[in-house]
Amino acid sequence: AMARAYRQLFQMPLVGITGSVGKTTTKELLGLMLKGRLKSYTSPGNFNNEIGLPLSLLNMPLGTHVGVFEIGTQRPGELGPLANILGPSISVITTVTDAHLGHFASEEQLVNEKWALVDALPLAGGIVVLNADHTQLWSRATHQRFRVDFGIRRQAATFHASEIEDRGLDGVAFTLVCPQGRLRLHSKLLGLHNVYNVLAAAAVAAEMRVGLPAIQQAVEQMSPYPHRLQWRRCKLGVLVDDSYNASPSAVKAALETIAKIESHHKVFVFGDMLEQGQNTLAVHQEAARWITDAKVQTVFTVGNLAAETGRTLQRQLGWSSARVKSANTLDELEAHLRHTLTANDHLILVKGSRALALERLVDHLE
């Protein structure tokens, strides 16, 4: 109630960002693009739930010219009330994937939940910015009068990427094609999925009359957000920390990212993917194929669900027990790592749901 009342003091544009993945990265990118050009405010960290969003709003200084916020959801009916508190003038949907499907009957129901941010737009002048490569989002947006879309596969999207070049640990380069012109960009963010985040942020920035040079500068400045495909060197080689959270699509994207990085010995430290409902067993078994496709040599798992991935690697794909080590606790997992990894030429990807606190292991590995 306090946040709703405080919101009424502001008449300037507010940007709301939601989606299954990419919310924080898109928000931080947009914040960089706006910085120094408008008196902007960006919500801190991942303050995006029923506590974090009101706190973020109440911390927005008077005199702000534009505010950028992210909104998350875990269960049906959560996003709508938050969207109504925010009262956005621009609503961004990065994409909708299989995150939190344990609480939703289908991906369509999850799309409906995210669409509440669009429904919260004013009847006149509100702008929706969405992923044109997502079939359900694209079909639902056809009736939107003020729509800006972005994509990679759909070349007719208002903001789209072409000539994409994956540079491994050096990030990704691509050509941004938009109404303002063409621009070659190089981002330090790892993985093809981050191209979508750059496109989404650029689309909103352009609506705010930010020029292409400023967009380029922000993209080149942006470093990976903590625990989101953030890499650093350690005594064992290269550590890729993607420990913030895990859904099937996010795990697959992370593995596809390291598949393109040259390394002598690839290691995957894998924790349970939670909130997957009736798909839980199937997606953990399917993860074995993603691991094999990424040319991973050794897998360490923690948790009962990730252990099923290890068993699938052994029983169905013929992996030896020397290549798969399973643990019940972080301490046991760390002991396996210390005993098994002795060289300094490893590429180690760490990925698991937030509840497993794998960032503690990352700190120890550093």
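## Phe 268 and Phe 270

Phe 268 is buried, with a relative accessible area of 0%; buried means under 20% relative accessible area, with a 1.4 Å probe and protein chains only. Phe 270 is buried too, also at 0%.

This is a predicted model, in which local features need pLDDT of at least 70, side-chain atom pairs count only at pLDDT 80 or more, and totals for chains, interfaces and linings use all residues. Residues are numbered from 1 along each chain as its sequence is written, and side-chain values use heavy atoms, leaving out hydrogens and water.

## Aromatic pairs

Rings of Phe, Tyr and Trp (its six-membered ring) pair if their centres lie within 6.5 Å; planes under 30 degrees apart count as stacked, over 60 as edge-to-face and the rest as tilted. The count by this rule is three aromatic pairs.

One of them joins Tyr 6 and Phe 10: the ring centres are 5.0 Å apart and the planes stand at 75°, so the pair is edge-to-face. Both Tyr 6 and Phe 10 are buried. The rings of Phe 268 and Phe 270 have centres 5.0 Å apart and planes at 20°, so this pair is stacked.

## Charges over rings

A charge sits over a ring if NZ of Lys or CZ of Arg is within 6 Å of the ring centre and within 35 degrees of the ring normal. Arg 147 lies over the face of Trp 138, 5.2 Å from the ring centre. Arg 228 lies over the face of Tyr 244, at 3.8 Å from the ring centre.

## Thr 97

Thr 97 counts as buried, at 13% relative accessibility.

Key:
Buried < 20%, exposed > 50% of the residue type's maximum accessible area, 1.4 Å probe, protein only.
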